[in-house]
Amino acid sequence: MEETLKKILQRNRTNLVRDLDPSNLYDGLLVKGVFTQDMIDEIKSSGTRRDQARQLVRDLETRGSQAFPLFLECLQETGQHSLAELLQNGAPSVQLQPATPTQVVHPVLQPLPVSSPMDVDKQRKDDVPVYPIQRPTTTPSPSPEREYRPRPQGRTRRDSIQSYKMDASPCGHCLIINNVEFEPQSELSNRKGSNIDCDKLERRFKALNFIVEVRPDLKQRQIKHELSALSKKDHSQYDCCVVIMLSHGTEVSHNRFPGAVYGVDGQHVPVQHITNYLNGQNCPSLQGKPKLFFIQACGGGERDTGFEVSPDESEPSIGGADDQTDAIPMSSSSDSLSMSDEPDARATLPTPSDILVSYSTFPGYVSWRDPQVGSWYVETLDRVLEENAATDDLVTMLMMVNHEVSQNSAKGLYKQMPGSFNFLRKLLYFHTQA
């Protein structure tokens with residue numbers, strides 16, 4: 001589908017999700033070859049009418065050049081005239097002439113001025129075949145909702161929360177960037193123990209059926225190159241994408257995701273730029289699919305000494321006296337948000353959907369790493385995934401990680417608190433191998 005037509009669908013997605021009745025479209029879309037039966041079955045299984053409408057519009061964008069006009073035909077044929085007019089107004093080259101019978105090309109459109117089953121009540125009130133242009137702003141599309149959901153009163157809002165599809169094999173790509181040996185001019189220490197973290201996460205995500213690629217000791221430019229290459233891959237046959245950054249970190253100015261990670265040359269890449277490579281605009285084949293980022297790096301230079309809690313809240317800690325940090329002072333560089341050499345990273349994009357960024361530490365604080373066993377965060381994350389991925393969703397498991405890491409103490413004094421920025425729209429369950 002052409003980009004202009006995709007943008008028309010995206011611009012009107014709110015109205016389509018609210019007012020579209022997918023159940024009446026399936027036969028027409030199948031006959032016209034827009035969707036296969038398997039695709040329609042998958043859309044039907046996505047949940048409520050609104051969930052099906054959302055999935056249908058998302059899938060429509062991936063179809064061929066005729067998908068848009070054929071979709072308009074189906075809207076007209078099923079009496080959903082106001083939506084057809086709304087979309088057609090943005091696409092002047094698509095001529096369907098909905099109010100006038102078509103002579104040859106679309107003979108099935110001749111009965112369109114006659115009232116449809118869905119609009120009988122509406123036309124009985126008005127006695128004029130004027131299609132309900134006001135419906136999107138005055139009423140919550142009662143007829144499709146009433147027809148498709150026979151038992152709305154018995155459903156709670158939580159029932160409508162759906163899970164991401166995560167059963168593709170392989171599930172998706174997982175890129176691990178592991179910076180250990182830093183160049184002398186960077187004035188950054190080597191990160192002993194990071195290879196242990198890398199090995200654990202490589203094994204873990206392979207076990208979760210991901211294609212894992214490890215890239216060691218990358219400079220800033222190389223980090224950007226790997227992320228750009230990942231964004232240009234075709235992810236259409238996969239369900240998810242994972243990026244893991246193991247490096248020194250710092251705090252930078254930001255407008256969405258805090259923090260930055262360093263290349264081995266001492267130049268950093270802001271986390272918000274890292275996520276932008278894979279957002280829906282820069283990586284279309286990952287639209288609507290979860291993009292997960294795990295950042296084992298400091299968010300700044302502050303050390304958390306914690307606060308007193310009651311005895312029943314206190315648990316033994318595992319931190320050692322020789323734990324190290326991945327902290328670098330906050331960057332004051334005027335180019336921390338420079339986009340001149342980042343055509344794929346736009347800081348003014350709308351709030352990203354389907355993205356989760358998990359940080360090893362609260363923004364502004366250090367992240368602790370044991371040279372012998374690896375970082376607190378990765379060690380705990382690996383174990384929690386191993387023990388709970390078969391039964392619990394990702395956000396629940398990250399809360400387990402937060403709790404366990406918060407119980408540790410470095411040098412008997414310092415604490416650490418992981419956290420995440422969650423823009424996922426559904427629950428995420430990894431598809432574990434039996």
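## Ground rules

Since the model is predicted, local features need pLDDT of at least 70 and side-chain atom pairs count only at pLDDT 80 or more, while totals for chains, interfaces and linings use all residues. Residues are numbered from 1 along each chain as its sequence is written, and side-chain values use heavy atoms, with hydrogens and water left out.

## Aromatic pairs

Rings of Phe, Tyr and Trp (its six-membered ring) pair if their centres lie within 6.5 Å; planes under 30 degrees apart are stacked, over 60 edge-to-face, and the rest tilted. That rule gives seven aromatic pairs. Take F205 and F430: the ring centres are 6.2 Å apart and the planes sit at 85°, so this pair is edge-to-face. It ties together distant parts of the chain, with F205 in helix α11 (residues 194–207) and F430 in the segment after β12 (419–422), 225 residues apart. Helices (H or I, at least four residues) and strands (E, at least two) are DSSP runs, numbered from the N terminus. Both rings belong to a cluster in which ring pairs link F205, F210, F294 and F430.

How buried is F205? Its relative accessible area is 0%, and F430 is buried too, at 5%. Here buried means under 20% relative accessible area, exposed over 50%, and partly exposed in between (1.4 Å probe, protein chains only). Y359 and F421 make another edge-to-face pair, with centres 5.8 Å apart and planes at 70°. Y359 is in strand β9 (residues 355–359) and F421 in strand β12, 62 residues apart. Y359 is buried at 6%, whereas F421 is partly exposed at 28%.

Beyond its neighbours within four places in sequence, L381 is in contact (heavy atoms within 4.5 Å) with L201, F294, L398 and V401. F294 is 87 residues away along the chain, with 9.9 Å between the two C-alpha atoms.

## Where α14 meets α15

The axes of α14 and helix α15 (residues 394–406) come within 9 Å and cross at roughly 135°. Axes are lines fitted to C-alpha atoms, for helices over the stretch in contact, with angles from 0 to 180 degrees between N-to-C directions. That makes the two helices oblique: angles under 35 degrees are roughly parallel, over 145 roughly antiparallel, 65 to 115 roughly perpendicular, and the rest oblique.

Residues making the contact include W376, L381 and V384 of α14, and L398, V401 and V405 of α15.
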